[in-house]
Amino acid sequence: MRFVYCHNVKLTAVISCSINSFECARCRAYCKRFRNNLSFRMWGHSFFETASRLFHQRSSLSKIFIVVTVSGGGLATFHETKPVHTVYADSAQEAETSKKKKVVVLGTGWAGVSFLKNLRSSSYDVEVVSPKNYFMFTPLLPSVTCGTVEARSIVEPIRKITDKKGLDVEFREAECYRIDPKNKKVLCRSTQHSNLGLKEAEFSVDYDYLIVAMGAKTNTFNTPGVEQYAHFLKGIEDAVRIRQTVIDCFERASLPSVSEEEKKKLLSFVCVGGGPAGVEFAAELHDFVKEDLAKLYPSVIEYVKITVIEASDHILNMFDKRITSFAEGKFFRDGIDVKTGSLVVKLTDKEVSAKDRDTGKISNIPYGMVLWATGIGPRPEIIDFMKQIGQTNRRVLATDEWLRVEGCDSVYALGDCATVNQRRVVDDIVSIFQKADKDNSGTLSLEEFQEVMEDLMVRYPQLSLHLKSKHMRNIDELLENSWKNPKDEIDIETFKAALSQADSQMKNLPATAQVAAQQGAYLADCFNRMEECEKYPEGPLKFRDVGRHRFQPFRYKHFGMFAPLGGEQTAAHLPGDWVSIGHSTQWLWYSVYASKLVSWRTRVLVVSDWGRRSIFGRDSSRI
Ligand SMILES: Cc1cc2nc3c(=O)[nH]c(=O)nc-3n(C[C@H](O)[C@H](O)[C@H](O)COP(=O)(O)OP(=O)(O)OC[C@H]3O[C@@H](n4cnc5c(N)ncnc54)[C@H](O)[C@@H]3O)c2cc1C
């Protein structure tokens, strides 16, 4: 059951009646959109379940699927990347008469670029500030560390991306060092001055709306020696430096004066962190050594050792258990030493010290190169901003479900620099009950309950997850356990008991490109329809206030995760709990990543890099 609102007046239920019964065109469109959405969601849900079951039962089907995906990828990509120059006609006219709002975007990573690519309304003056004048495709960064893909193949100049007809976008290559929410401005300084031998330039930018998409930095957990001696893998410069260091280690170990012990140390490569980035780097390095360096440095190859140190019990622990055990087995066969349950406590210029979690014993591993890939933490500018707005008791900048920074006006935060702070149903239960109780009787009829549930499911996504986890088809089933006598009306205790368990389904979103890109696209869509939704709010009821929210809250759709494991094998954990591992999944990985690259230029470069690598091998020149 769903109700349609026209100018905030409830009209009628739309599930059972004809679309043409609406006199108002807006309501007819709304009704049609809602029905399409509903049927798409139902179709999507059952499709994934059926597909997953079929793939489990018939493995040949998965191969056919991959072939179709690979060939379909190109078409989908072509469609996706066609520049859309649609500019809302009425917004453009209004913009001429009224002053344009100034939108400042901090960062040109996944979140910032997704926002810019999807922004179509010409009602804004957009100013982008970032120390990098390019967008970087991070999933292929580990491939750059060993020369499988060249650095320039995975970056696209930001000015090319923002060069859209009809939009006012200015780019400033600078870093924001302070956000001043009281005066609605950001303070910035130049980043190119040291290269040019010039003085640092500082400037400030005023905003009406601020989009914070500054990403995060690698978390060192204040481990001594990490900042001085470890390599990180966050940017292109990091990947290029790692590639040079690997070659340096091999060249140094090949010098005649170097002792055997020194050779072992130089060719010991340690990766701290068994997450996707660390595992992918270890796998890439193993392939580089086996396929290319073994032929070029035959006298020292026997000294090469790759170690992965992970604090928890397994590597890739955010993946399905089948993937974890396959990866651990493959690394064992490849001779990659995986030390789980080990916590790195110190780094010196010579050794990594790791403490065994069970025995407390400390072991020292000599190294030639260490990669630190243990997760992320907030940037100093974000910590300073959090202090200013009173978010001192948090580890990450918190936003609400509309990506608005909590405790701050007109500031949005997305991607790795923020987390969506979902509201618990129990915190609002009294307000929800009062809103649902239209006749102020102190109890709810079944109808009143059903009517409020529609908005509740949108406002609190944990409710639909709860229904799904309990295999309930119908919201009425929520009441079954707590509603003693269905002839009675529902009192607040019954209501609370029915809904309170749903909060256990609340989960933080992962820090991935997928989340960041979806948040950028969502926010751009909100900005595109800001004026329309101001007049005709489309979000759920405000339970602690009057009226409706302007927009639907942000909802993340998970499309699966890949873990490349080397030797042309990849593991994929896809929706519907479908797990696929092996060579055929590697082709799926090639297809998906090629289609997700930001432009045709980068796509051609990356695909030709893959081809070049398979014909000529990786280049080991130290440049
Ligand atoms: C090696 C590696 C591999 C990965 N692989 C995958 C993968 O396969 N799949 C996946 O989903 N995710 C992957 N991720 C995670 C993914 O890259 C991040 O989740 C994603 O980049 C987050 O996007 P973001 O826009 O929040 O931050 P970023 O993409 O990090 O962008 C932050 C932007 O802010 C800018 N910035 C920084 N400081 C300032 C400042 N002071 N002022 C202004 N701008 C600033 C930066 O220059 C950058 O442009 C990987 C990450 C790494 C490091």
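## An annotated EF-hand span

According to UniProt, in an unreviewed entry, residues 424-459 carry the feature "domain: EF-hand". In this predicted model, that span is 61% helix and 0% strand, and its end C-alpha atoms lie 10 Å apart.

Within these residues, Asn 440 sits in the loop between helix H14 (429-436) and helix H15 (446-459). Asn 440 is not a glycine, yet its phi is positive, at about 50 degrees. Asn 440 is exposed, because 6 other C-beta atoms lie within 10 Å, and a residue with 12 or fewer counts as exposed.

## The chain as a whole

The chain has 623 residues, of which 35% are buried. Its secondary structure consists of 21 helices and 25 strands.

## The surroundings of the ligand

Where does the ligand lie in relation to domain 2 and domain 3? Domain 2 (89-216 + 378-419) and domain 3 (223-373) each contribute residues to the shell around the ligand, so the ligand lies between them. The shell holds 34 residues, and the closest are Gly 107, Gly 109, Thr 138, Gly 215 and Gly 415. Several elements supply two or more residues each, including helix H4 (110-118), strand E4 (124-130), strand E7 (168-180) and helix H11 (276-296). By class, 18 of the shell residues are nonpolar, ten are polar and six are charged.

Gly 107, one of the closest residues to the ligand, belongs to the loop between strand E3 (101-106) and H4. Is Gly 107 buried or exposed? Gly 107 counts as buried because it has 27 C-beta neighbours inside 10 Å, and the cut-off for a buried residue is 20 or more. Leaving aside residues up to four places away in sequence, Gly 107 touches Gly 112, Ser 130, Ala 213, Met 214 and Gly 215. Gly 107 and Ala 174 are 67 residues apart along the chain, while their C-alpha atoms are separated by 9.8 Å.

Strand E7, which gives residues to the ligand shell, runs antiparallel to strand E8 (residues 185-190), and six bridges join the two. One of the paired positions is Glu 175, whose bridge partner in E8 is Arg 189. The hairpin of E7 and E8 has four residues between the strands, and Lys 184 in this hairpin takes a positive phi near 50 degrees.

Strand E8 is also joined to strand E9 (residues 202-206), by five bridges, and these two strands run antiparallel. Here Cys 188 stands opposite Phe 203 in E9.

## Two partly exposed residues

Ser 410 is located in the loop between strand E20 (397-399) and strand E21 (411-413). Although Ser 410 is not a glycine, its phi is positive, at about 60 degrees. Ser 410 counts as partly exposed because it has 14 C-beta neighbours inside 10 Å.

Arg 612 is part of helix H21 (residues 600-616). With 16 other C-beta atoms within 10 Å, Arg 612 is also partly exposed. How far apart in space are Arg 612 and Val 149, which are 463 residues apart in sequence? From C-alpha to C-alpha, the distance between Arg 612 and Val 149 is 9.3 Å.

How values were computed:
Residues are numbered from 1 along each chain as its sequence is written. This is a predicted model: local features need pLDDT of at least 70, side-chain atom pairs count only at pLDDT 80 or more; totals for chains, interfaces and linings use all residues. A residue is near a molecule or strand if its C-beta atom, placed from the backbone, lies within 6 Å of it. Ala, Val, Leu, Ile, Met, Phe, Trp, Tyr, Cys and Pro count as nonpolar, Asp, Glu, Lys and Arg as charged, and the others, Gly among them, as polar. Domain bounds come from an automatic or database domain assignment. UniProt positions are given in the numbering used here, feature names are shortened, and annotations may be inferred rather than shown by experiment. Two strands pair if DSSP finds at least two bridges between them. Two residues are in contact if their C-beta atoms, placed from the backbone, lie within 7 Å.
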